[in-house]
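Before reading the notes below, please look through the sequence and turn the model around on your screen.

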Amino acid sequence: MVSDDLAWCADAGHLAPTLQAALDDWARTEPLLRLLATDLEHGVIPRDRFHERKADAPLPRAYQWADGSAYVNHVELVRKARRAEMPESFWTDPLMYQGGSDEMLAPRDPIPLADEAWGCDLEAEIVIVTDDVPRGVSREDALDHIKLVGLVNDVSLRNLIPAELGKGFGFVQSKPASALSPVFATPDALGDAWADGRLSGVLNVDLNGQPFGRADAGVDMTFDFGTLVAHLAKTRNLGAGSIIGSGTVSNRDADGGPGRPVDRGGKGYSCLAEVRTVETILDGAAATPFLKAGDTVRIWMEDVRGRSIFGAIEQTVSAA
């Protein structure tokens, strides 16, 4: 259990040995964890300094990891980069893929990259975690099954994607392990920032120490998380501990066109594919390279007081 300011932590092992175990029995553990959180905030129980750099992923192995396409602006731009038409149905029916959940990287783990020609890209996103969700759940009822909120870097190997999709069977090799934020928070702990299945606030992305993305996660979100959960559960039950991603957070520019880079007064981007597409639209060719060994990505969000909410994902690309 971590304090709201991420300064302190307390052992919760007497309530549940792991976060997954807590989610498996959430009706029992949730009120007990809340009491522990209150005691931690008041400093009336043994506590230790929380060092987020040493934290593992909250769910290092998950029963399910599915990533949606809540920000259709991003989907439209990336498809333009592949010269692929975007059906109108994408604005009304979410895209979603099933990722690998047997290895969720820690927030400070390196991004392993065996070949820079694969086109390694970051993707900064919001994620939610559910309890058990029944098949056929409505969008409204799905919101009640969202128990935790956090961040993910959903790494993509862009140059492997076209050939894989060309097979008509979806992503596999082009989607390596993703990294989770050090801390997940309950929706109510987010206050007014969480409303109607959306998390508002700036999703900060720095690339090699420079501002790269400052998009607002609550803006231009076509599909809220209730809709994404209901979409995934249309034909099957979802097990407790299912992680569902928003897709890359993406904002349009104030004039309705593609977003501008931060250094041009815009909100920037949450992935490299998007800026490369915008560069092609504005300048005729992509100038920003994909990630290479030694590049560092940092992803985090802050509350209204400027405090980090989930801690930071900070990864350096490593030649695998």
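In what order do the strands of the open sheet of six strands lie, and with what kind of pairing? In this predicted model, the order is S4-S3-S15-S7-S8-S10, and the pairing is mixed. As background for both sheets described here, strands of a sheet pair through backbone hydrogen bonds, either parallel or antiparallel.

**The five-stranded sheet**

- A further open sheet is formed by five strands in the order S5-S17-S16-S13-S14, and its pairing is mixed.
- Its edge strands are S5, residues 111–113, and S14, residues 210–216, and each of these pairs on one side only.
- On average, and with direction ignored, neighbouring strands of this sheet are turned by 20 degrees against each other.
- Strand S13 (residues 202–207) pairs in the antiparallel sense with strand S16 (residues 296–301) over five bridges, and Val205 has Ile299 as its bridge partner in S16.
- Strand S13 also pairs with S14 in the antiparallel sense, over six bridges, and here Leu207 stands opposite Gln210 in S14.
- The hairpin of S13 and S14 has two residues between the strands, and in this hairpin Asn208 takes a positive phi near 50 degrees.

**Links between parts that are apart in sequence**

- The loop between H6 and S15 contains Asn237, and when its neighbours within four places in sequence are left aside, this residue is in contact with Val133, Pro134 and Arg135.
- Although Asn237 and Arg135 are 102 residues apart in sequence, they are 4.3 Å apart in space, as taken from C-alpha to C-alpha.
- The count of aromatic pairs comes to three; in one of them, the rings of Tyr97 and Phe171 have their centres 5.2 Å apart and their planes at 80 degrees, so this pair is edge-to-face, a class that requires planes over 60 degrees apart.
- Because Tyr97 lies in strand S4 and Phe171 in the loop between helix H5 (161–166) and S10, the pair ties together parts that are 74 residues apart in sequence.

- Rolling a probe the size of a water molecule over the atoms shows where empty space is left.
- How many cavities of 30 Å³ or more does the structure hold? The structure holds one, and the space in the largest cavity is about 40 Å³.
- The lining of the largest cavity is made up of Pro261, Arg264, Tyr269, Val275, Val278, Glu279, Leu282 and Asp283, and these residues divide into five nonpolar, no polar and three charged.

Methods
Residues are numbered from 1 along each chain as its sequence is written. This is a predicted model: local features need pLDDT of at least 70, side-chain atom pairs count only at pLDDT 80 or more; totals for chains, interfaces and linings use all residues. Side-chain values use heavy atoms; hydrogens and water are left out. Two strands pair if DSSP finds at least two bridges between them. Helices (H or I, at least four residues) and strands (E, at least two) are DSSP runs, numbered from the N terminus. On a 1 Å grid over the protein atoms alone, a cavity is a set of points where a 1.4 Å probe fits but cannot get out, and a pocket is an open set with protein on both sides within 12 Å along at least five of seven lines; lining residues have an atom within 4 Å of a point. Grid points are joined across faces, edges and corners, and a volume is the space filled by probe spheres set on the points. Ala, Val, Leu, Ile, Met, Phe, Trp, Tyr, Cys and Pro count as nonpolar, Asp, Glu, Lys and Arg as charged, and the others, Gly among them, as polar. Rings of Phe, Tyr and Trp (its six-membered ring) pair if their centres lie within 6.5 Å; planes under 30 degrees apart count as stacked, over 60 as edge-to-face and the rest as tilted. Contact means heavy atoms within 4.5 Å. Axes are lines fitted to C-alpha atoms, for helices over the stretch in contact, and angles run from 0 to 180 degrees between N-to-C directions.
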